[in-house]
Structure formats: structure tokens, C-alpha cells
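Here's a quick walk through how this fold is put together. Have the structure open as you read.

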Amino acid sequence: MRTILLGNLGDVNFLEYGGKLVYQECPEPEPERSPLEAKLRAMGCGQWPEPESPGVPYMVVVEPPPEDSEGEGEWELWQLSLEKVEDPDQEWFGKATLASVASLVGTTVSELREAFASDRAMDRAWAYASVAALHGFGEFDGYSRKMSAHSVYTEFGLVEDCPCQDCNEDD
Ligand SMILES: [Zn+2]
């Protein structure tokens, strides 16, 4: 079992500008991908088949610190599982909220409903992110992680781009 990245609803430079990364456990070896497909997937572009999985896909939301913090601010990360929701009216973000969410993100209540019940994790990620646009991700994950530049760049395997002072002493 391995965890694969299905896509990203945020910026391709997600550590700089914020990202919403969707992951899923995948029992099969990950299929070979061309560099272009890998890049487009990471950007959340296109419609890709999603692998069958026994696990629930999840989204990791990365919010960078304000721009003027020069690598010394804190990144905040939330993680929420993307359960299928057949009847959003029964959830805390039921009927009344969905109408406000729809007008905020410029969609319709029925599209949100369809996305919550979709078989595609990326559709569900969009629905959850839309609700969070109104209520914040803290409503889905009350235990966000705060991380330094160095730890967050290390976690995502991008430490060579780390903007912290220790990594940039020679500049
Ligand atoms: Zn560093």
C-alpha cells in the first residue's frame, strides 16, 4: 500500500502560495506517468482516473505565513478526510450553509451536492474546500499543525528550496 497524490486544488508552488493536496492510498504500484502528466496532475488540471482504494482519500491544506515573514513565519496545515456525503443536509454544513457556500464560490447547491456524493475524490475535495471557503478548515480539523519553514519544506521533500536562514547562510 502506498500513498499517491491525486491532485492539488491550490497553487503549484503550494509552499509559497498555499495548496490543497489530495492523497489516496493505492494498493497497486503507481502507473508510469510522463513528466507532463505528473505536472498537470500536481496542479490539479485535467480529469484523471482515480485508483480503486480501500482507504478514504484525504486532503492536506497548506497555508503559508504572510509574505513579509522571510522564511521565519509559521505554516499551518490541516488534514481532512474526504468521506462521501450522500446527504449534506444532515451534516453541520446542511441546507442553509450550502446555499451561502454556493453563492460565495459561484456555484449551485445541486453542484455542491453532486460533488459531495461523487465517486471522484477530487470532486469531493472541491466540495469540502468550498465549504471551508466560508467556514475555514478549522471546522474540519480542529488540530492543525504549525510548522517552521525548515520542517515543512523537509516534510514535502523540498528542503533544497527551503527559505530559512540556516539553509541560506551563504547568500
Ligand atoms: Zn531550512
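H3 and H5 are roughly perpendicular to each other (a label for angles of 65 to 115 degrees, with under 35 called roughly parallel, over 145 roughly antiparallel and the rest oblique). In this predicted model, local features need pLDDT of at least 70 and side-chain atom pairs count only at pLDDT 80 or more, while totals for chains, interfaces and linings use all residues. Residues are numbered from 1 along each chain as its sequence is written.

The angle between H3 (residues 95–105) and H5 (residues 121–135) is about 95 degrees, and their axes are 9 Å apart. Axes here are lines fitted to C-alpha atoms, for helices over the stretch in contact, and angles run from 0 to 180 degrees between N-to-C directions. Helices (H or I, at least four residues) and strands (E, at least two) are DSSP runs, numbered from the N terminus.

On the H3 side, Ser 100, Val 101, Leu 104 and Val 105 meet Ser 130, Val 131, Ala 133 and Leu 134 of H5; contact takes C-beta atoms, placed from the backbone, within 7 Å. That contact has six nonpolar residues, two polar and no charged (nonpolar is Ala, Val, Leu, Ile, Met, Phe, Trp, Tyr, Cys and Pro; charged is Asp, Glu, Lys and Arg; the others, Gly among them, are polar).

## The sheet

Now for the strands. Five of them make an open antiparallel sheet, ordered E1-E2-E3-E4-E5, where pairing takes at least two DSSP bridges between two strands. E1 (2–8) and E5 stand at the edges with a single partner strand each, so one side of each has no neighbour in the sheet. From one strand to the next, the twist averages 30 degrees.

E2 (residues 19–26) is joined to E3 by five bridges, with Lys 20 partnering Val 61. E4 then pairs with E5 (residues 145–147) over three bridges, and Leu 77 has Arg 145 as its bridge partner.

## The core

Which residues touch the most other members of the largest nonpolar core? Of its 32 residues, they are Val 22, Met 59, Ala 125, Trp 126, Ala 127 and Tyr 128. Such a core is a set of buried Ala, Val, Leu, Ile, Met, Phe, Trp, Tyr and Cys residues joined through C-beta atoms within 7 Å; buried takes 20 or more other C-beta atoms within 10 Å of a residue's own, exposed 12 or fewer, and partly exposed is in between. H5 gives the most to this core, with nine residues.

Methods. Contact = placed C-beta atoms within 7 Å.
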